[in-house]
Every structure is written in structure tokens, then in C-alpha cells.
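Please look at the sequence and the structure before reading on.

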Amino acid sequence: MIDKQLMKLPGIKRVMGVLVGLSVLQAFFIIGQAYALGRSITNLWDGQSVKEQINLMILFAVVYLGRHLSIYFRNRLLDRYAYQQANDIRNQLLEKVFKLGPQVVQHQGTGSMVTMALDGVDQVEDYFHLILSKMINMMVIPWIILVAVYLLDVESGIILTLVFPLIIIFMIILGYAAQGKADKQFAVFQMLSNHFIDSLRGIDTLKYFGLSKKYANSIFNTSERFRKATMNTLKIAILSTFALDFFTTLSIAIVAVFLGLRLIDAHILLFPALTVLILVPEYFLPIRDFSGDYHATLNGKNSMHAIYEILDQPEDQTEPVKLQHWDENQPLNVSHLNFDYVTGAGLKDLNLNFSGYEKVGIIGVSGSGKSTLINVLSGFLTPRDGNIKVGNAELTSFNQPDWQKQLIYIPQNPYIFQMTVRDNIAFYHPNATDDEVRQAIEVVGLQQLVDDLPEGLDTVIGEGARSLSGGQSQRVALARAFLDQNRRVLLFDEPTAHLDIETEVELRERMIPIMKNHLVFFATHRLHWMKEMDYILVMDHGQVVEQGTLDELQANNGAFAKLTAAMRGKEAHDE
């Protein structure tokens with residue numbers, strides 16, 4: 001019944017060995033308690049004085065203390081082990097997410113990943129603690145007590161032997177039902193987490209378009225589904241606990257009735273009958289404890305499986321290749337490159353050839369593969385096949401440390417960390433001086449913002465602090481790019497998609513000088529950017545359907561001309 005994944009944990013066998021030893025000690029202490037209590041009561045019944053029971057009372061106190069000391073050391077061991085393992089799993093999860101890149105977050109959902117890394121790992125910690133202590137107690141203690149019962153009274157031992165498997169079978173049946181309900185609850189919980197995070201991210205847009213109330217109803221419906229799933233799971237859990245308590249209580253009553261009848265008929269002495277009656281509740285206690293925490297173990301088990309599904313995902317096994325620093329003489333060649341998403345093709349038969357410092361525009365409608373190409377070039381996504389050559393080095397993917405150390409990536413929504421303005425701008429270049437930071441601020445047009453801030457460069461911005469507009473966030477990203485002059489490859493993924501045209505025009509004046517002496521890949525659906533590009537890739541359904549300079553594409557009257565006409569028609573229609 002112990003999950004196979006548990007047996008793969010480091011040091012688990014040693015811990016289980018210690019737990020088994022402590023459970024054996026606890027069982028003998030329980031038997032010692034029953035013996036001391038049963039013997040002293042029997043002696044008193046036979047007319048002995050209380051003073052004559054001092055030794056038995058001391059024995060009872062010693063074994064009682066020993067029992068609780070064994071429980072204390074067991075809990076202390078499990079607390080430390082479960083905490084250490086949960087901490088290691090959290091670190092492994094975070095490292096794995098960074099290695100796999102944004103694809104795993106997109107697949108799992110941001111809300112689900114956050115919940116998994118926080119609450120999920122805490123549930124796994126509880127799972128380790130509960131399952132190891134409850135399961136081992138249930139596997140060890142009842143059988144030692146059963147041996148003691150057989151030595152005292154064979155008939156009572158037979159009754160307990162027959163009843164215990166029936167209770168286990170009943171528990172397994174209810175356990176499968178609870179597992180099914182818990183799986184549904186966990187799936188709805190992941191959906192609710194993603195839904196809630198998405199709504200928080202898009203609250204401004206929802207409010208702007210008057211959809212906040214409608215979306216609130218959607219969140220309410222999802223939360224209602226989670227509430228119902230939780231209640232269904234709790235119904236099974238409560239039913240199983242009630243049924244188990246009922247059957248164990250009934251079993252204890254049956255044993256007590258038989259013992260009482262045999263005492264009346266003088267077929268058994270008082271001491272063995274009394275001792276057996278004291279031991280019978282202890283015989284069923286481990287299974288009752290396990291049943292009471294079974295629901296909590298299901299939550300932790302589901303969280304653990306979800307985490308290990310991510311940890312077991314294969315990584316890109318590409319061997320690190322030594323790459324030269326990008327300069328005006330370096331070539332980049334890509335031939336017959338293909339990338340597939342789970343849902344279908346992402347890039348098909350891609351062929352690219354660039355060298356030195358070029359500005360490459362990537363244009364196409366939404367879903368044409370622009371962002372996928374940027375993610376492949378950044379190393380976030382691994383191609384299915386294809387040939388890649390950077391300088392004289394042949395690669396199987398762009399997931400190379402020496403390549404990524406030369407990149408600056410500017411997405412649609414640059415992330416602003418909850419740090420000071422200075423730390424945000426110098427995030428990728430922490431050794432930058434204040435003069436260098438101020439120069440970057442001046443170049444990208446952030447001086448007015450910094451002057452208006454109460455503490456200047458020391459003002460904390462980002463989530464939970466002072467928020468920035470879309471244009472200001474893009475300027476911070478550009479300042480990061482300007483500050484790090486050692487990175488010579490710039491990747492822009494729709495950097496002005498959410499900006500108004502006035503802000504975009506102003507930003508363009510700041511961005512063009514930063515692109516100088518860089519290899520630039522600029523993905524956008526805004527046509528006016530193509531005038532600034534040295535070379536243009538026209539994408540459609542994951543393929544480069546046309547490429548060349550702006551003059552060449554306009555003269556060809558091909559895919560670029562059709563795309564231009566369609567986009568201008570859409571802009572005219574929107575106006």
C-alpha cells in the first residue's frame with residue numbers, strides 16, 4: 001500500500017527501518033501497559049491492597065512513558081525527514097522548471113505551477129509524515145498485539161484474526177472510491193488555480209471591456225465545481241471513517257460479549273479476559289488512525305504524482321558546445337529545422353542564413369509561428385530535427401549556455417521584479433555602476449519617470465509596489481538591453497503589441513539605436529517596423545513562405561504583398 005515513488009526517496013529504507021523498530025517497541029509498551037493494568041486490577045479483585053500494587057503501578061508508568069517517548073522520537077524523525085525531502089523536491093521542481101523553460105508552465109498553467117510549488121509541496125510533506133507513520137504502525141503493531149492475545153486467549157485471537165481482513169477489504173473498497181473523488185477534486189483545483197491567476201492578470205482588460213462581472217460568474221462556477229468535488233470527497237472520507245469506527249466498535253463489543261459470557265461460565269480467568277479487553281481497542285487503533293488521515297494522504301499523493309510527472313519529463317540532453325562571442329563575422333545557418341507541439345506542428349522545414357549584425361524582421365498574422373521561432377532561437381523550445389550551425393560549431397538546438405549568455409530577450413510584457421528601479425534595470429548586469437544605470441535611463445527615456453518617483457532610483461516598483469504602464473515596462477526592458485553591451489543577439493517578441501501607436505512611435509526612436517551592432521530578430525505584426533529591418537521573414541502556419549529585403553518582397557508581389565494588403569485592410573476596417 002506504500003506508493004512506489006516513496007521507495008525511491010534517499011534514505012527511505014533507513015528511516016523505515018527505524019520506524020519499524022519504534023513501532024515494535026511501541027507494541028511491547030502497549031502490551032506492558034495492558035499487563036500491568038490487568039494484573040493490578042485482578043490483584044485488587046482478589047483482595048490485595050493498593051500498596052501491594054506499587055511495583056505494577058511503577059511498571060505501568062515506565063511503559064506508558066516509554067510508549068510516548070517512542071511516539072515522540074518517531075514524530076521528530078518524520079518531521080525532519082519529511083521537511084528535508086519536501087524542501088529537496090521543491091528545489092528539484094524549480095530547477096526542472098527552469099531547465100524545461102516556459103513550455104512546461106504553458107502546458108501546466110501558471111496557477112497550477114504556483115499552487116504545486118507552494119501548497120502542493122506542503123501537502124507532500126504531510127503525506128510523507130502521515131503515510132509512513134500510520135502505515136508502518138498498521139503493518140506492525142496489530143500483529144504483535146494479536147500474538148499476545150493468542151497467548152492469553154485463543155478464541156479471542158481467532159475472532160480478531162477473522163475480523164481484521166474484513167475491515168481491510170472494506171477499507172480498500174472505500175479507498176478506491178475516495179481516490180476517484182480525490183482525483184476529480186485535484187483536477188478541478190488545478191483548473192480553479194489557473195482560472196483565478198488568469199483573471200488576476202487580465203483584470204484590467206476585463207474591466208476595460210466591461211467583462212469583469214461575466215468573468216466573475218465564470219470563476220464562481222469553477223469554484224462551485226471545486227466545492228462540490230470537495231464535498232463529494234469529504235462524504236466518502238466521513239462515510240469510511242464512520243463505517244470503520246462502527247465495525248471496529250462492533251468487533252470490540254463482540255469480543256467483550258464472548259469474554260463476559262465465558263467469565264460467567266468460568267471458562268476463562270479474570271486476568272487474561274481483562275488484559276485481552278484492554279488490548280483489543282489497541283489492536284484496531286492503528287487502522288482507525290490511518291483511516292482518519294486517509295483523505296489528507298490522498299491530497300499529498302496526488303500532489304506528489306503531479307510534481308513527479310514534471311520531474312520525470314525528459315530534458316534536452318544536448319552536450320554543451322563552446323561558442324565564440326558573436327561579432328560582425330559570425331555566421332548563423334539553420335536548415336530543415338522542424339518543431340512540433342503536442343497539438344500539432346509548430347515550425348516546418350525552416351531554413352535561415354544570417355551573419356554578423358543584421359536586423360531580421362519576422363512578420364505574420366497571429367498563430368503564424370513568430371513567437372515559436374523566437375522561442376526556438378532562444379533555446380526555450382527544442383527542435384524535433386534539423387541542422388544548426390553557429391560560427392563553426394554544429395548544434396542540435398539553441399539550448400546552449402554559450403549561446404544564451406549572448407541573448408537579450410524582450411517579450412510583449414517584460415517582467416518587472418518587485419525591486420528598486422536601479423535593481424530592475426541592472427537585474428542582468430548587477431555590477432553596473434549608478435552612472436551606467438543613469439545613462440541607460442536617459443537613452444530609453446525614463447528620466448522623467450525617475451524624477452517623478454519619491455525616492456528616485458531607490459523607489460520599489462513591480463507587483464505589490466508602484467506599477468508601471470506598458471510603455472514604461474518596455475523602457476525598463478530596453479534599459480536592461482542597453483546596459484549589457486556584451487550580449488550581441490537581441491530577440492524581440494511583439495514588444496509593442498499592447499502599446500498605442502503614439503507610445504510605439506516614441507519607443508521606436510529609442511529602440512533603433514540600441515539595435516545597432518547587434519544581430520536582431522524582431523517578431524511583430526506591425527508593418528511599419530519592416531522599414532527598419534535589413535531582412536524580412538514572412539511566416540504562415542509555421543513556415544517561412546517568403547524572405548528577402550523589403551524592396552525585394554515588394555517587387556515580388558507575393559506572400560508579403562498579400563499580407564500587407566490584408567493587414568492594411570484590417571486597419572482601415574478597424575478605423
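Is helix α10 mostly covered or mostly open, and how many of its residues are buried? The sections below give the answer, beginning with the basis of the model.

## Basis of the model

This is a predicted model, in which local features need pLDDT of at least 70, side-chain atom pairs count only at pLDDT 80 or more, and totals for chains, interfaces and linings use all residues. Residues are numbered from 1 along each chain as its sequence is written, and side-chain values use heavy atoms, with hydrogens and water left out.

Helices (H or I, at least four residues) and strands (E, at least two) are DSSP runs numbered from the N terminus. Two strands are taken to pair if DSSP finds at least two bridges between them.

## Helix α10

Helix α10 is mostly covered, with 8 of its 9 residues buried; buried stands for under 20% relative accessible area, exposed for over 50%, and partly exposed for the range in between (1.4 Å probe, protein chains only). The buried residues are K370, T372, L373, I374, N375, V376, L377 and S378. Just after this helix, G379 adopts a positive phi of about 90 degrees.

## The six-stranded sheet

An open sheet is built from 6 strands in the order β6-β9-β10-β3-β11-β12, with mixed pairing. Its edge strands, β6 (407-410) and β12, each pair on one side only. On average, neighbouring strands of this sheet are turned by 15 degrees against each other, direction ignored. Axes are lines fitted to C-alpha atoms, for helices over the stretch in contact, and angles run from 0 to 180 degrees between N-to-C directions.

Helix α10 (residues 370-378) packs on this sheet and touches β3 (359-363), β6, β9, β10 and β11, its direction making about 150 degrees with that of β9; contact here means heavy atoms within 4.5 Å. Helix α16 (residues 501-515) lies across β3, β9 and β10 and runs at about 150 degrees to β9.

## Pairing within the sheet

Strands of a sheet pair through backbone hydrogen bonds, either parallel or antiparallel. Strands β9 (residues 489-493) and β10 (residues 519-524) run parallel and are joined by 5 bridges; L490 has V520 of β10 as its bridge partner.

Strands β11 (residues 535-540) and β12 (residues 543-548) are antiparallel, also with 5 bridges. D540 is bridged to Q543 in β12. The hairpin of these two strands has 2 residues between them, and H541 takes a positive phi near 55 degrees.

## Strands β1, β4 and β5

Strand β1 (residues 331-341) is joined to strand β4 (residues 385-390) by 5 bridges in an antiparallel arrangement, where S335 has N387 of β4 as its bridge partner. Strand β4 also pairs with β5 (residues 393-395), antiparallel over 3 bridges, and I388 stands opposite L395 in β5. In the β4 and β5 hairpin, with 2 residues between the strands, G391 takes a positive phi near 65 degrees.

Residue L239 belongs to helix α7 (residues 212-264) and is partly exposed, at 44% relative accessible area. Together with F242, F246, F247, L250, I254 and F258, L239 forms a nonpolar surface patch with about 670 Å² of accessible area.

Residue A256 is also found in helix α7 and is partly exposed, with a relative accessible area of 30%. The C-alpha atoms of A256 and A273, 17 residues apart along the chain, are separated by 8.6 Å.

Patches consist of residues with over 30% relative accessible area and no salt bridge, like charges being joined within 9 Å and nonpolar side chains (Val, Leu, Ile, Met, Phe, Trp, Tyr) within 5 Å. A salt bridge is a side-chain nitrogen of Lys or Arg within 4 Å of a carboxyl oxygen of Asp or Glu. Accessible areas come from the Shrake-Rupley method with a 1.4 Å probe, and for residues only the protein chains shown count as cover.
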